[in-house]
Amino acid sequence: MSDTLLIGLYALAAGGVVGLAGAAALRLLRGRSILVHILVLLTVTVLAVVAGVATVAQAMFLSAHDLWVVLVTVSASAVISLAVGATFGSRLAAAAVWARAARERERRLEAGRRELVAWVSHDLRTPLAGLRAMAEALEDGIIHDPAVIDEYHRRIRVETDRMAQLVDDLFELSRINAGALRLMPTTVPLRDVVSDAIAGVAPLAARRRIHLVAADSGWPNVRAGERELARIVSNLLINSVRYTPEDGSVHIAAGHETDNVWLAVSDTCGGIPGEDLDRVFDVAFRGERARTPGAADSGGGGGLGLAIVRGLVEAHGGRVNVRNTDRGCRFEVRLPAT
């Protein structure tokens with residue numbers, strides 16, 4: 001057997017042992033992050049080279065000095081290889097994680113778009129069919145009772161208003177998702193914005209016998225777009241009134257902390273199922289399986305209100321969350337302090 005073949009066998013044997021140990025380690029760590037796998041793979045590769053060189057050097061009966069020189073040289077090369085590999089491996093792992101997150105986000109967005117189209121198509125088709133039937137009945141003169149005619153006119157107006165609100169929500173959401181929202185921040189008294197929002201939702205609350213309660217004090221100023229802030233507050237109040245049973249209550253309060261201003265809307269809806277808490281701010285999520293919303297007079301919407309709230313809050317550099325309380329749930333908005 002030639003010396004070259006013998007050296008190759010020694011190197012293969014030493015590297016194979018290290019490789020088997022590395023394969024076992026990777027199997028044990030299969031649930032860990034990509035970076036861990038990359039680092040283990042780099043370490044196994046370098047150690048396999050070091051083991052092969054050391055084994056061959058030992059088999060060649062090198063002097064202690066020569067063996068030491070070989071080991072120091074290989075070890076230094078191994079350290080450099082591991083350092084470079086770890087640096088670029090971490091970048092590769094971060095890029096892989098980012099790419100996977102981007103793919104997951106794109107899949108969620110695409111699923112959300114499909115669901116939104118389905119919901120909107122249903123929400124437009126149903127009232128349009130009713131509007132057409134009522135308009136044809138009025139046009140053909142088959143309805144003669146003045147009370148019925150007045151009711152048809154009222155229902156046409158209500159359904160038209162609801163569809164106009166749905167179209168407005170879709171336009172607002174498209175501006176947010178397309179990055180076309182242009183804020184014009186000013187210093188806004190939060191008390192005034194809340195007062196206007198309460199006045200706007202008061203008729204709906206009165207029909208459902210919902211008590212709207214605002215805190216007496218603690219209302220700070222906030223640096224925000226006035227129109228967008230009004231939309232945030234109004235959507236939160238409408239959502240709470242919609243899902244609070246009759247004779248319930250909706251409380252709204254605010255405060256100022258070191259680095260942010262907070263606004264909280266609490267209701268007595270009975271709470272949100274735990275599996276739905278993470279989906280509350282998703283597009284077209286209503287918290288109910290039926291696609292047809294409640295009566296139009298109850299303020300049924302297209303499931304876009306809270307998605308718009310999240311988009312507008314994040315556009316201001318803030319955050320919004322929801323949690324369950326003893327009697328209902330609490331929506332809390334935090335915006336950067338002025």
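Visitor: Where is the place of aspartate 247?

Guide: Welcome! This is a predicted model, where local features need pLDDT of at least 70 and side-chain atom pairs count only at pLDDT 80 or more, while totals for chains, interfaces and linings use all residues. Residues are numbered from 1 along each chain as its sequence is written, and side-chain values use heavy atoms, with hydrogens and water left out. Helices (H or I, at least four residues) and strands (E, at least two) are DSSP runs numbered from the N terminus, and aspartate 247 belongs to the loop between H6 and S4.

Visitor: Arginine 209 has a positive phi although it is not a glycine; is arginine 209 buried, partly exposed or exposed?

Guide: Arginine 209, with its phi of about 55°, lies in the loop between H5 and S2. Buried means under 20% relative accessible area, exposed over 50%, and partly exposed in between (1.4 Å probe, protein chains only). Because its relative accessibility is 43%, arginine 209 counts as partly exposed.

Visitor: What is the order of the strands in the open sheet?

Guide: Two strands pair if DSSP finds at least two bridges between them. Strand S2 (211–214) and strand S6 (319–324) each pair on one side only, which makes them the edge strands. The pairing is mixed, and the order of the 5 strands is S2-S4-S5-S7-S6.

Visitor: Which residue of S7 stands opposite valine 265?

Guide: Look at strand S5 (residues 260–267) and strand S7 (residues 329–336), which pair in the antiparallel sense over 7 bridges. In S7, the residue opposite valine 265 is phenylalanine 331.

Visitor: How many residues lie between S6 and S7 in their hairpin?

Guide: S6 and S7 run antiparallel and are joined by 6 bridges. Valine 320 stands opposite valine 333 in S7. Between S6 and S7 in the hairpin, the number of residues is 4.

Visitor: At about what angle does the direction of helix H6 lie to that of S7?

Guide: Helix H6 (residues 226–243) packs on the sheet, touching S2, S4, S5 and S7; here contact means heavy atoms within 4.5 Å. Axes are lines fitted to C-alpha atoms, for helices over the stretch in contact, and angles run from 0 to 180 degrees between N-to-C directions. Between H6 and S7 the angle is about 175°.

Visitor: Which residues have the most contacts inside the largest nonpolar core?

Guide: A nonpolar core is a set of buried Ala, Val, Leu, Ile, Met, Phe, Trp, Tyr and Cys residues joined through side-chain atoms within 4.5 Å. The largest one has 47 residues, and H5 gives the largest share, 7 residues. Leucine 263 touches residues including Leu190, Val194, Trp219 and Phe331, not counting residues up to four places away in sequence. Those with the most contacts inside the core are Leu190, Leu263 and Phe331.

Visitor: How many disulfides does a search of the whole structure find?

Guide: A disulfide is a pair of cysteine sulfur atoms within 2.5 Å. The sulfur of cysteine 269 has its closest cysteine sulfur in cysteine 329, and because the two are 3.5 Å apart, they are too far for a bond. Cysteine 329 counts as buried because its relative accessibility is 2%. For the whole structure, the number of disulfides found is 0.
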